[in-house]
Amino acid sequence: MSEGLNYKFLVDTFFIALSGVPITLFITVVALLFALPLGFLLALTRINRIPVLHRFAQVYVSFVRGTPIIIQIFIVYSSVPLLLSSLFTKFNIGMNVYDVNPIWYAFIVFSFNTTAVLIEVFRSALSTVNRGQLEAAQSVGLTDVQAYRRIIIPQALVVAMPNICTATVNLIKATSLGYAMSLQEITLKAKVAANVGYNYVEAYIDIFLVYLLLCSAVEYAFKLYEKRLSKYKPSVV
Amino acid sequence: MLEIKDVYKSFGKTEILKGVDVTIDKGDVVVILGPSGSGKTTLLRCINFLEKADQGRAVFGDIDVNLGTATKKQIHQIRQKIAFVFQSNNLFNNKTALENVTEGLVIGRKVPKEEAVKIGKKALDKVGLTDKYDAYPSELSGGQQQRVGIARAVALNPDIILFDEPTSALDPELVGEVLTVMKNIAREGTTMLVVTHEMDFAKDVANKVIFMDGGVIVEEGTPHEIFVNPKEERTQKFLKRVLPEDFTYHI
Amino acid sequence: MEKYFDASYIWESIPLLIPFLKMTFMVAGLSVLFGTLLGFILTVAKTGKSKFARKLATGYTTIIRCTPSIVLLFLVYYGLPAIGDRFGLNLNNIDTAVFVIITFTLQFAAAMSEVMRSAFQSIDNGQFEAAVSVGLSNSQAYRRIVFPQAFVVALPNFGNSLLAVLQEGSLAYTIGLIDVVGKANLIIAGNYNAHALEIFLALAIIYWILSIAIEQFFLKLEQVFSKGKQGLKTA
Ligand SMILES: Nc1ncnc2c1ncn2[C@@H]1O[C@H](COP(=O)(O)OP(=O)(O)O)[C@@H](O)[C@H]1O
Ligand SMILES: [Mg+2]
């Protein structure tokens, strides 16, 4: 028969889930710090059709968009240790691959994934900035680099911001797959707590609430920021 | 034939139409002039129920409807008699020129497809688009699009066609072709209510000119009365501003 | 147990995995079907007059957008039977696939409601007005003029959402669904966890090819349907 929710567990576990937030945010920030500049540079190679690099970027994006993140995680989590252990043996490093903190794998996977997402975001944002803007900048004597830094990028950023927000929220959500790498984030922490008394419903309600709070907060922060940026929007005649 | 009586319309707290009366007889070409924002578009939209008036009546032969509370059936009845040519043409983007013209006939009026196509082709021929039956709106110039818009209205064989600044969204070199088409259908005796800034059209084609400002009709009369001897100061000022230097009125 | 990389495991496992795509497709297909229906209802609520319905639909979309797939999946998997219990229903023996389909229906509906809403609102109101002005009824105007145009606008985003459901569906193995991913994990377990990498690569290849095929399909579809929308200047 039904016993209803275990409210004490619900409350206690909420805080356990909450204690996973810092690590989730840490991974998110690291992945973004890595992916924002790299994604932007690779987007430039796509737009300007830099030989080899733009092909590489194209295939890379296609792969990441074409495969589930969980499988990307599986691949990294089963290939990197193989590589490492052969390296360790080769250079006689007395370290066990199983001692490597899983957060390193998380950095790799989520940076790898987010970079590809941001390539597309920046590519479409850059292509919406009018070609005339670059020409106008050049006509008043700016170098290409100056034109990009002072004219193109600020405008592209405004266009890209909603998509960067979506990418960030998706990234935060994707860290919930960290369980596959034994990462001690929100989901795994709460789930482990639930294992004792089979309080899975309560645990997942807590996890759900934590993500809801976290993602709403991030969306709200982006909205505020977008408002401040919106003065760069192209004027509508 | 059509009497519009005492139309009031507000958007929120702003009163846009403050008691407008218009009478149109069969074969009339009535031109409405007036500064932008004076409520001309709103008036036409109320007549066609695209906007719900707060108050007002439309008397059309033996049909007498309240512009604010008309039933679906009444709205349908009136719309059968009145066609609308939009400023931005509003051609159906997913239909060819011919389909644009036949849509209202086949679907709205249950005219057999074959007959509708015949009527549609004739209407397109009339506006000089014989070679564009199968073109999509995106494949037509602005002037051609607006001519399809006119053909779409003409094909319905309405009692009245309402035109809302049909040339003001066009490049100057395309205005002429549309005005020519409008003149032609006026000459055939079509009853028209036209909002326009084309003074030459008003002078040459209209038999009645209405000057609207601030949601009321300031003055109305024959083109001669309005252009040569405007009574009201507001009319005089407006005409002075909009009439070209070389505008002359010949009788 | 030795671990080394052997590419032949990739090619040998692909034929073993392919038959299980049937389950993957079925789950994704039904989620898309039900999700589109529910999404349509949400769109009606979002664009309708009732403020309450609008708030409800928007709130639902926000909540789903903020919930990771795996969390939603487990909420449904543990939560539904618990709720059923309350009402004296035993939902514990329902097929796993049902929970998966419910989860991704909920998710797809939220995505689709945004896709359909923005497509619907992107169609200029003048199209509707012109339609009623030539004598079409409101519902005829929507059916014949507005919806066909909105459909073309929605198509690319519908394709993207469909790809997303296919990919997020890969998480269904966590509640025991034997789709391609589930089968892959079975194969790996059968190998005593050796050669996992090769099997995962095989999975990646399958998903990658599928995604490219679906993407291309939608590009073609878009071309077919966008006649008249953008002057596909047929030179
Ligand atoms: N849907 C609307 N909501 C609010 N205000 C409107 C709306 N439509 C028109 N208006 C206002 O009504 C006034 C008259 O508009 P309109 O009838 O278009 O004038 P005209 O066609 O003479 O230029 C304008 O000030 C306009 O801003
Ligand atoms: Mg107007």
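Two strands count as paired if DSSP finds at least two bridges between them. By that rule, six strands of chain B form an open sheet in this predicted model. Their order is β6-β7-β8-β3-β9-β10, and the pairing is mixed. At the edges stand β6 (82–85) and β10 (216–221) of chain B. Each has a single partner strand, so one side of each is left without a neighbour in the sheet. Neighbouring strands are turned by 20° against each other on average, direction ignored.

Inside this sheet, strand β3 (residues 29–33) of chain B runs parallel to strand β9 (residues 208–213) of chain B. Four bridges join the two strands. In one pairing, B:V31 has B:V209 of β9(B) as its bridge partner. Helices also pack on the sheet of chain B. Helix α2 (residues 72–81) of chain B touches β6 and β7 (160–164) of chain B. The direction of α2 makes about 70° with that of β6(B). Helix α6 (residues 172–187) of chain B lies across β3, β7 and β8 (192–195) of chain B. That helix runs at about 155° to β8(B).

Chain C is built from helices: its secondary structure comes to nine helices and zero strands. Its C-alpha atoms fill a box of roughly 75 × 60 × 25 Å along the principal axes.

How do the chains meet? Two pairs of chains are in contact, and chains A and C share the most contacts. Chain A and chain B have no contact, and their closest C-alpha atoms lie 14 Å apart.

The contact between chain C and chain A takes 33 residues from chain C and 36 residues from chain A. About 3100 Å² is buried between these two chains, with carbon and sulfur atoms giving 72% of that area. Two salt bridges are counted between chain C and chain A. One salt bridge joins the side chains of C:E215 and A:R65, at 2.7 Å from N to O. Here A:R65 belongs to helix α3 (residues 53–66) of chain A, and C:E215 to helix α9 of chain C. Nine residue pairs, both at pLDDT 80 or more, are in polar contact across this interface. On the side of chain C that touches chain A, the elements giving two or more residues are α3 (51–65), α4 (69–86), α7 (138–168) and α9 (196–225) of chain C. Of these, α9(C) gives the most, with ten residues. By class, this side of chain C has 21 nonpolar, seven polar and five charged residues.

The contact between chain C and chain B takes 23 residues from chain C and 24 residues from chain B. The buried area is about 2000 Å², of which carbon and sulfur atoms give 52%. Within chain C, the residues that lose the most area to chain B are C:S133, C:V134 and C:R144. Together they account for 27% of what that side buries. Two salt bridges are found across the interface of chain C and chain B. C:R144 forms a salt bridge with B:E103, and the closest N and O atoms are 2.4 Å apart. Eight residue pairs, both at pLDDT 80 or more, are in polar contact between chain C and chain B. On the side of chain C that touches chain B, α6 (125–133) and α7 of chain C each supply at least two residues. The most come from α6(C), with seven residues. By class, this side of chain C has seven nonpolar, ten polar and six charged residues.

Notes
Residues are numbered from 1 along each chain as its sequence is written. Chains are lettered from A and ligands numbered from 1 in the order in which they are written. Side-chain values use heavy atoms; hydrogens and water are left out. Contact means heavy atoms within 4.5 Å. Buried area is the accessible area (1.4 Å probe) that two parts lose on being put together, summed over both. A salt bridge is a side-chain nitrogen of Lys or Arg within 4 Å of a carboxyl oxygen of Asp or Glu. A polar contact is a pair of N or O atoms within 3.5 Å; within protein, one must be able to donate a hydrogen and the other to accept it, and residues adjacent in sequence count only if both atoms are side-chain atoms. Ala, Val, Leu, Ile, Met, Phe, Trp, Tyr, Cys and Pro count as nonpolar, Asp, Glu, Lys and Arg as charged, and the others, Gly among them, as polar. Axes are lines fitted to C-alpha atoms, for helices over the stretch in contact, and angles run from 0 to 180 degrees between N-to-C directions.
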